[in-house]
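Here are my notes on the model you sent over. Have it open beside you as you read, and go through the points in order.

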Amino acid sequence: MATSTTAPDADRREPRAGSPARGPARRRRGPRRSYLPYLLLVPAIVLELAIHVIPMIVGVWMSMLELTQFHIRDWSTAPFVGLENYRATLDFDSAAGRELLHSFWVTLIYSLLSVGFAWLLGMSAAVVLQRPFRGRAILRALFLTPYALPVYTAVITWSFLLQRDTGLVNHVLVDQLGLLNERPFWLIGDNSFWSLLVVSVWRNWPFAFLCLMAGLQNVPGEMYEAAAIDGAGFWRRLRSVTLPMLRPVNLVLLLVLFLWTFNDFNTPYVLFGGSAPEQADLISIHIYRSSFKTWDFGSGSAMSVALLLFLLVVSAGYLLITNRRRDHA
C-alpha cells in the first residue's frame with residue numbers, strides 16, 4: 001500500500017499570477033468626523049453677526065455715550081456717560097419720561113388689540129374654509145392677498161383711502177351710505193389710533209389665517225365625527241376639539257404676532273409720514289423721532305435697549321407660563 005508523502009499544506013493552491021494576494025483582514029475605520037455641517041453654518045453665522053449681533057452691541061455702546069449732532073461725525077469725541085441716558089429716559093417725572101411712558105401704553109394697547117382681532121379673524125376664516133366647497137381655493141388666495149402685498153404698497157393705499165376730502169372711506173360713509181353728517185379726519189386726532197389699528201389688523205390677520213389653516217390640516221377628522229356622534233354642536237366641537245388641538249400653533253402664533261406688532265415701524269411711518277399723532281405715537285416712532293429728529297442718538301439707543309429688554313422679559317415669561325401649563329395639563 002502506497003503511502004502519501006505529501007506535506008499537509010501541499011493541497012493548498014498557490015495564488016495565480018496577477019491575482020490579488022489575500023492579506024490579513026483590514027480593520028474597520030471609525031466614523032470619520034465630517035465638517036460639512038459646520039461649513040454650511042458659516043454663512044448664516046456671518047450674516048447673523050453682521051446684521052443682528054454686531055449692530056446690537058454697537059447700539060448698547062451708543063446708549064452709554066452722549067452722542068448728539070455735535071459728535072455724530074466723530075464718535076471718539078462723544079463723552080461717555082454710562083447709564084445716564086437710561087436714567088434720563090426712564091425718569092417718568094420728567095417730560096421725556098412721561099412721553100415715553102405714554103408711547104409705551106399706546107403701543108401695548110395697540111399690540112394687544114391688533115393681535116386679538118387678527119387672531120379672531122384668522123381663526124374664523126380657517127374654521128369656515130376647512131370644509132370643502134366650491135370656490136374655496138379662490139377665497140383662500142383672496143384672503144392671503146394683504147399678506148402678499150409689499151408693506152409700503154398696502155399702507156400707502158390705505159393712506160389714500162383714509163384721506164378726509166378725497167378718500168374712498170369718507171366717500172362711502174358720507175356720500176353713498178349717509179352714515180355720517182360730516183367728513184371726519186382719520187389720520188389725525190383720536191381717529192388716528194383706530195385707523196392704525198384697522199390697517200395693522202388687515203395686514204396681520206392673513207398670517208394668522210395661514211398658520212391656523214395649516215394647523216387644522218393635522219386635526220384628525222375622526223375626532224369631529226366622534227364628537228358629533230356624542231351630540232356635540234359646532235361651538236362644543238370648537239371648544240373641546242379644535243382649540244385644544246391648535247394649542248401648540250397658537251402658543252407660537254400669538255407670541256410672534258405680539259413681537260411683530262410691538263416692534264412695527266413701517267406701518268405707522270408710512271401711514272402718518274414719520275410724525276404720528278399723539279394718539280397713535282407708537283414707541284417705534286417715538287424712538288425714531290428722538291434719534292433722527294432731535295439728533296439725540298444716545299437717548300434713542302437707550303430707549304431701544306430698554307425696549308429689547310422688555311420684549312425679552314415678555315417672551316421669557318410667556319414661554320415659562322405656557323410650558324408650566326402644558327406640564328400640568
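**Notes on the fold and selected sites**

1. Along the sequence, the protein chain reads α-α-α-α-α-α-α-α-α-α-α-α-α-α. That pattern comprises 14 helices and zero strands, where helices (H or I, at least four residues) and strands (E, at least two) are DSSP runs numbered from the N terminus.

2. A word on the basis of these notes: this is a predicted model, in which local features need pLDDT of at least 70 and side-chain atom pairs count only at pLDDT 80 or more, while totals for chains, interfaces and linings use all residues. Residues are numbered from 1 along each chain as its sequence is written, and side-chain values use heavy atoms, with hydrogens and water left out.

3. Now the overall figures. The protein chain has 329 residues, and 33% of them count as buried; buried means under 20% relative accessible area, exposed over 50%, and partly exposed in between (1.4 Å probe, protein chains only). For contacts (heavy atoms within 4.5 Å) between residues at least 6 apart in sequence, 66% join residues at least 24 apart.

4. Helix H1 is worth a look. H1 covers residues 36–62, which is 27 residues, and reaches 38 Å from its first C-alpha to its last, close to the 39 Å expected at 1.5 Å a residue; the expected span is 1.5 Å times one less than the number of residues. H1 also bends by about 45° at Leu49, the bend being the angle between axes fitted to the seven residues ending there and the seven starting there.

5. Leu49 turns up again in a nonpolar surface patch of about 920 Å², together with Leu41, Ile45, Val53, Ile54, Ile57, Val58, Trp61, Trp75 and Phe80. Patches are made of residues with over 30% relative accessible area and no salt bridge; like charges are joined within 9 Å, and nonpolar side chains (Val, Leu, Ile, Met, Phe, Trp, Tyr) within 5 Å. As background, an α-helix has 3.6 residues a turn, so residues three or four places apart point the same way.

6. H8 (residues 191–216) has 26 residues, and its first and last C-alpha atoms span 36 Å, close to the 38 Å expected at 1.5 Å a residue. A bend of about 30° falls at Asn204 in H8, and a proline, Pro206, follows within four residues.

7. Which residues does Ala280 contact, leaving aside its neighbours within four places in sequence? They are Val106, Ser192, Phe193, Leu196 and Phe272. Ala280 sits in the loop between helix H12 (266–272) and helix H13 (283–293), and is buried at a relative accessible area of 0%. Trp194 is 86 residues away from Ala280 in sequence, yet the two C-alpha atoms are 8.5 Å apart.

8. Two other buried sites deserve a check. Thr68, in the loop between H1 and helix H2 (84–89), counts as buried at 16% relative accessibility. Beyond its neighbours within four places in sequence, Thr68 is in contact with Trp295 and Asp296. Ser159, in helix H6 (residues 151–161), is buried at 10% and touches Leu187 and Leu271, not counting residues up to four places away in sequence.

9. Finally, the charged pairs. The structure holds four salt bridges, each being a side-chain nitrogen of Lys or Arg within 4 Å of a carboxyl oxygen of Asp or Glu. Among them is Asp281 with Arg289, whose closest N and O atoms are 3.0 Å apart; Asp281 is buried at 6% relative accessibility, whereas Arg289 is partly exposed at 25%. Another joins Asp175 and Arg183 (2.6 Å, N to O), with Asp175 partly exposed at 41% and Arg183 partly exposed at 23%. Asp165 also forms a salt bridge with Arg164, at 3.0 Å between the closest N and O atoms; here Asp165 is exposed at 53% and Arg164 partly exposed at 28%.

How values were computed. Accessible areas come from the Shrake-Rupley method with a 1.4 Å probe; for residues, only the protein chains shown count as cover.
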